[in-house]
Amino acid sequence: MIRTWTAAFALALLLLAASAAAQTAKKDNYLGNIELCNRMDRTALDARIGGCTVLIDAGYGTTAALAIAFNNRGNAYIAKGDFDRAIQDFDKSIRLDRTYTKPLNNRGVAYMKRGEHDLAIEAFDEAIRLNPDYGNAFANRAAAYLKKHDYARAAQDYDEAIRLNPQLAPVWHGRCWARAILGELQAALEACNKALQSGLNNAATHDSLGLIHLKMGQPDAAIDDYSSALRLDPKLASALYGRGLARLRAGDQAGSDADISAAKMIAAGIDDDFARYGVR
């Protein structure tokens with residue numbers, strides 16, 4: 001009788017130990033999927049999507065936690081270029097938590113990447129209504145206005161984004177570009193210099209500086225800027241065309257013809273773009 005009781009007690013201990021081990025494994029797996037779902041690196045997108053999917057399908061956590069999982073999976077889909085699935089996830093995140101502004105902003109980014117700029121602006125509008133201090137939403141809405149060639153509204157949004165988050169180097173470049181097109185050249189120059197000081201030493205910033213100096217009537221400086229842009233991106237049509245115009249003004253007809261011809265081979269409507277920028 002004692003042996004039977006002892007065996008039963010030992011079996012109960014084994015079952016408890018197995019149950020505790022299963023619970024620990026389940027908890028570790030849950031935490032592991034949370035970590036995957038929250039990852040930000042672009043090299044593990046499928047793993048991130050998988051982690052978020054496990055959490056979503058299991059229904060773990062609060063409604064707010066599920067909204068975050070849908071938002072994070074949507075961001076991973078954007079990074080993969082699957083904008084339709086991204087928008088579906090952002091829609092679900094928004095329905096789960098109407099106070100969560102990130103999926104509104106991110107849905108706008110997905111729409112913008114899909115070329116639907118009006119829908120993008122509506123999404124950014126809603127994000128800003130919920131959080132008037134959302135600097136990234138202002139910056140993204142400014143980029144959407146640039147796509148629509150509404151440079152004045154873009155400039156206003158870049159100004160607001162800078163007021164809210166002056167550490168964002170791309171926002172300084174956005175202000176530079178918008179102000180350059182509007183003809184507010186000194187303000188544009190200051191903004192581009194600020195972008196460079198913030199570490200944004202890329203082709204786009206030098207291209208913008210080229211436009212500023214071209215509009216200022218300084219072709220030699222413009223040539224230098226456009227050449228810097230082309231060293232970083234040899235196929236940048238706007239830099240080729242702008243340098244062609246600057247070389248023409250500097251008296252280099254052959255160099256001008258070569259640059260403008262190369263630009264038109266890359267972007268057939270580049271001359272229309274520059275006419276819109278106020279340069280012919």
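**Close-up 1. Helices around the largest pocket.** Five helices, α5 (102-113), α7 (135-147), α8 (151-164), α9 (169-182) and α15 (270-276), each bring at least two residues to the lining of the largest pocket. Top contributor is α9, with six residues. Helices here are DSSP runs of H or I, at least four residues long, numbered from the N terminus. This is a predicted model: local features need pLDDT of at least 70, side-chain atom pairs pLDDT 80 or more, while totals for chains, interfaces and linings take in all residues. Residues count from 1 along each chain as its sequence is written, and side-chain values use heavy atoms, leaving out hydrogens and water.

**Close-up 2. Inside the largest pocket.** Its volume is about 600 Å³ (the space filled by probe spheres set on grid points, joined across faces, edges and corners). Of the 23 lining residues, A143, L146, K147, Y158 and W177 sit closest to the centre. A pocket is an open set of points on a 1 Å grid over the protein atoms alone, where a 1.4 Å probe fits, with protein on both sides within 12 Å along at least five of seven lines; lining residues have an atom within 4 Å of a point.

**Close-up 3. The second largest pocket.** This one comes to about 420 Å³. Its lining has 19 residues, with M40, R48, N71, N75 and N106 nearest the centre.
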